[in-house]
Amino acid sequence: MKTSWQMALADSFTKPADLLAFLELDEIHRPEFRQATDRFSFRVTQSYAQRMAKGNPHDPLLLQVLPDVRELIEHPNFANDPVGDLKAAAAPGVLQKYQGRILLITTGACAIHCRYCFRRNFPYDGNAIGKQQEQNALDVIRRDRTLNEVIFSGGDPLVLSDERLGQMIRKIGEIPHIRRLRIHTRLPIVLPCRITTELIAALTATHLNSVIVIHANHPNEFNHEVSVALRTLRKSGMSLLNQTVLLKDVNDDTDVLVGLSEALFENGVLPYYLHLLDKARGTSHFDLSTEEALKIYRTLRKSLPGYLLPKLVREEAGRPYKTPVG
Ligand SMILES: *Cc1c(COP(=O)(O)O)cnc(C)c1O
Ligand code: SF4
């Protein structure tokens, strides 16, 4: 039987025309939708769609999910694996890029498909930790005593069931040199009903020090339901950080980014990274030049206290840390 968050997830929009009709927009059938979604399918939760403004084709939440004809433009600098994920695989679904930390692709599934996603072309089949890959992944972690942190990535780890998450966390907690667990997830923003007491119980039944990195890009992504979810996570004692991708026409604006940092802090989340776009094939229409990004960032630095200023970074394939920009 499905739980209520699983039913809400199943109730997502999976066709662009349905979302556009819900938003009372014209021209709901566009020829490019078919080609763009053949490459990367369409998915948006009802909850996230309800935060979009009706009748506004430029809504910053809509632009993050709406297939665009420019996704079909081939560009030599935009690649299928822009950050070198596959080269960093120590075993299927196990990425070893950063010292002391190891990243697990726990699932390929997400609650929302962000058109700018850097893993939109990632071959999840065979490269995510299913039951078959799990033993192997645990062996890699056990053998390497230089590791102290395990990162759950994906896809979105919180689409997994409470049972599955609980089991994985328990097995990782049994490895003596691992002290921290980090979970990268967009669900507190796009499916806030996922943050249930059962989930909190599964995440906190461990001695590991846990960090949740959420992913919000715009202040309009916050509403009462999201605040409740974030407060619930905070009350359970986990640290909450946010990472944002700087996106053309979505949040390439100082006022928007100031509003985002303030909304995060009001909800108990500290801004962590402001990422330049990873150049994944099909995402060039979201790209900003380094100069444009720096111009926004300089104004942002003047407008915020240091603890609300995210670090402006880019990820470069083969480098063991994010490269600071500027
Ligand atoms: C950068 C990154 C990490 C780890 O890097 P930190 O510098 O340790 O935060 C993990 N997951 C994702 C998706 C990242 O982009
Ligand atoms: S992995 Fe993150 S950015 Fe990519 S589609 Fe899923 S939620 Fe969006």
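Predicted model: local features only at pLDDT ≥ 70, side-chain atom pairs only at ≥ 80, totals over all residues.

Student: Okay, so how many residues of strand 4 are buried?
Tutor: Five of the five, so strand 4 (residues 149-153) is largely enclosed by the rest of the structure. Strands here are DSSP runs of E with at least two residues, helices are runs of H or I with at least four, and both are numbered from the N terminus.

Student: Which way do the residues of strand 4 point?
Tutor: Glu149, Ile151 and Ser153 point one way, while Val150 and Phe152 point the other way, and all are buried.

Student: And how does strand 4 pair with strand 3, parallel or antiparallel?
Tutor: Strand 3 and strand 4 are parallel, with five bridges. Two strands count as paired if DSSP finds at least two bridges between them. One bridge partner of isoleucine 105 is serine 153 in strand 4.

Student: What about strand 5?
Tutor: Strand 5 (residues 180-185) pairs with strand 4 in the parallel sense too, over four bridges. Valine 150 has leucine 181 as its bridge partner in strand 5. To get from strand 4 to strand 5, the chain goes through helix 7 (residues 162-173), and this β-α-β crossover is right-handed. Right-handed means that, with the strands pointing away from the viewer, the path from the first strand over the helix to the second runs clockwise.

Student: Which unit do strand 3, helix 6 and strand 4 make?
Tutor: A right-handed β-α-β unit.

Student: Switching to rings: how many aromatic pairs are there?
Tutor: The structure has five. One of them joins tyrosine 116 and phenylalanine 286, edge-to-face, at 5.8 Å centre to centre and 85° between the planes. Rings of Phe, Tyr and Trp (its six-membered ring) pair if their centres lie within 6.5 Å; planes under 30 degrees apart are stacked, over 60 edge-to-face, and the rest tilted.

Student: Where do those two sit in the chain?
Tutor: Tyrosine 116 is in the loop between strand 3 (101-105) and helix 6 (131-143), and phenylalanine 286 is in the loop between strand 8 (270-275) and helix 12 (290-303), so the pair ties together parts 170 residues apart in sequence. Tyrosine 116 and phenylalanine 286 are both buried.

Student: Next, glutamine 243: buried or exposed?
Tutor: Glutamine 243 has 17% relative accessibility, so it counts as buried. Its place is in strand 7 (residues 239-245). Leaving aside neighbours within four places in sequence, its contacts include His184, Tyr273 and His275. Contact means heavy atoms within 4.5 Å.

Student: Last one, where is cysteine 193?
Tutor: In the loop between helix 8 (187-190) and helix 9 (197-204). Cysteine 193 is partly exposed, with a relative accessible area of 30%. Not counting residues up to four places away in sequence, cysteine 193 touches Trp5, Ala8 and Glu225.

Note on methods: Residues numbered from 1 in each chain as written. Chains lettered and ligands numbered in written order. Heavy atoms only, no water. Buried < 20%, exposed > 50% of the residue type's maximum accessible area, 1.4 Å probe, protein only.
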